[in-house]
Amino acid sequence: TGQAKYISHLDINRTFSRAFFRAGIKLWYTEGFNPRPYMSFSLPLSLGVESLCENVDIRLLDNMSDDEVMQKMNDALPTGIRIVDVYDDFMDCHEIVYSDYVYKFEFLDNEKALEKIKEVLQSGTIMAQKKGKQGKRRVLKETDIKQFIEKYSISIRDNQIVLNIRLLAGPDKNLNPSLLFDT
């Protein structure tokens, strides 16, 4: 949260790698010329988006308690990034199917904007320009993103439109929340 939301996904990987090193937590590393710690993040968070819950899958070489890992990591991580819980055998990132998001909008006429957003979400298709690859070239593909929306609720609270939405977040089918927002 805060200014940490401006750290890119690749820099988050480096941040965690360095924090594990500073905390003295020994991880399982790849073999080869440039060994890297085995760390698996679920969907990368878009730059500028805050999150209250992201997960990273790691393998420790040392036998440490969950509380000890959390304490050492929180001492080593920068402001805005905190470990809120540690689980043994939580789940593989490939087992994650959905992710929940909360969007907060504020317009001059929230009632009119709410009706327009509802109209888009209730339509049969929501077409968006999704970035993809064709060989080594990057291309824009017109994609129906409606199929990636599991469920949602939308209302006006405290002079803001609040959209709670569940999107597919699996390794094969997923929707970047920024693409939904932009669309």
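Student: Why is Phe107 called partly exposed?

Tutor: Its relative accessible area is 40%. Buried means under 20% relative accessible area, exposed means over 50%, and partly exposed is in between, using a 1.4 Å probe and protein chains only. Because 40% falls in between, Phe107 is partly exposed. Before we go on: this is a predicted model, in which local features need pLDDT of at least 70 and side-chain atom pairs count only at pLDDT 80 or more, while totals for chains, interfaces and linings use all residues. Residues are numbered from 1 along each chain as its sequence is written, and side-chain values use heavy atoms, with hydrogens and water left out.

Student: What makes Phe105 buried or exposed?

Tutor: Phe105 has 15% relative accessibility, so it counts as buried.

Student: How do you know which kind of aromatic pair Phe16 and Phe20 form?

Tutor: Rings of Phe, Tyr and Trp (its six-membered ring) pair if their centres lie within 6.5 Å; planes under 30 degrees apart count as stacked, over 60 as edge-to-face and the rest as tilted. By this rule the count comes to 7 aromatic pairs. For Phe16 and Phe20, the ring centres are 6.3 Å apart and the planes are at 50°, so the pair is tilted. Both residues belong to helix H1 (residues 9–23), and because they are 4 residues apart, about one helical turn separates them. Helices (H or I, at least four residues) and strands (E, at least two) are DSSP runs, numbered from the N terminus. Phe16 is buried at 8%, and Phe20 is buried at 4%.

Student: Why is the pair of Phe105 and Phe107 called stacked?

Tutor: Their centres are 6.1 Å apart, with 25° between the planes. The angle is under 30 degrees, so the pair counts as stacked. Ring pairs also link Tyr103, Phe105, Phe107 and Phe181 into a cluster.

Student: What makes Lys130 lie over the face of Phe148?

Tutor: A charge sits over a ring if NZ of Lys or CZ of Arg is within 6 Å of the ring centre and within 35 degrees of the ring normal. Lys130 is at 4.9 Å from the ring centre of Phe148 and lies over its face.

Student: How do you know that strands E3 and E7 pair?

Tutor: Two strands pair if DSSP finds at least two bridges between them. Strand E3 (residues 98–105) and strand E7 (residues 160–168) have 8 bridges, in the antiparallel sense, so they pair. Across this pairing, Asp100 stands opposite Arg166 in E7.

Student: Which strand does E6 join, and in what sense?

Tutor: Strand E6 (residues 149–157) is joined to E7 by 8 bridges, and the two run antiparallel. One example is Tyr152, whose bridge partner in E7 is Ile165. E6 and E7 form a hairpin with 2 residues between them, and Asp158 in the turn has a positive phi of about 50°.

Student: What makes Lys26 buried or exposed?

Tutor: Lys26 is at 52% relative accessibility, and because that is over 50%, Lys26 counts as exposed. Its place is in the loop between H1 and strand E1 (39–41). Contact means heavy atoms within 4.5 Å. Leaving aside neighbours within four places in sequence, Lys26 is in contact with Arg59, Leu60, Leu61 and Asp62.

Student: Why is Leu180 called buried?

Tutor: Its relative accessible area is 11%, which is under 20%, so Leu180 is buried. Leu180 is found in helix H4. Not counting residues up to four places away in sequence, Leu180 touches Tyr103, Ile145, Ile149, Ile165, Leu167 and Leu175. Its C-alpha atom is separated by 9.8 Å from that of Phe148, 32 residues apart along the chain.

Student: And what makes Thr143 buried or exposed?

Tutor: With a relative accessible area of 17%, Thr143 is under 20%, so it is buried. Thr143 has its place in strand E5 (residues 137–144). Its contacts beyond four places in sequence are Ile126, Met127, Ala128, Lys130 and Phe148.

Student: How many helices and strands are there in the protein?

Tutor: There are 4 helices and 7 strands, and along the sequence they follow the pattern α-β-β-α-β-α-β-β-β-β-α. Of the 183 residues of the protein, 30% count as buried.
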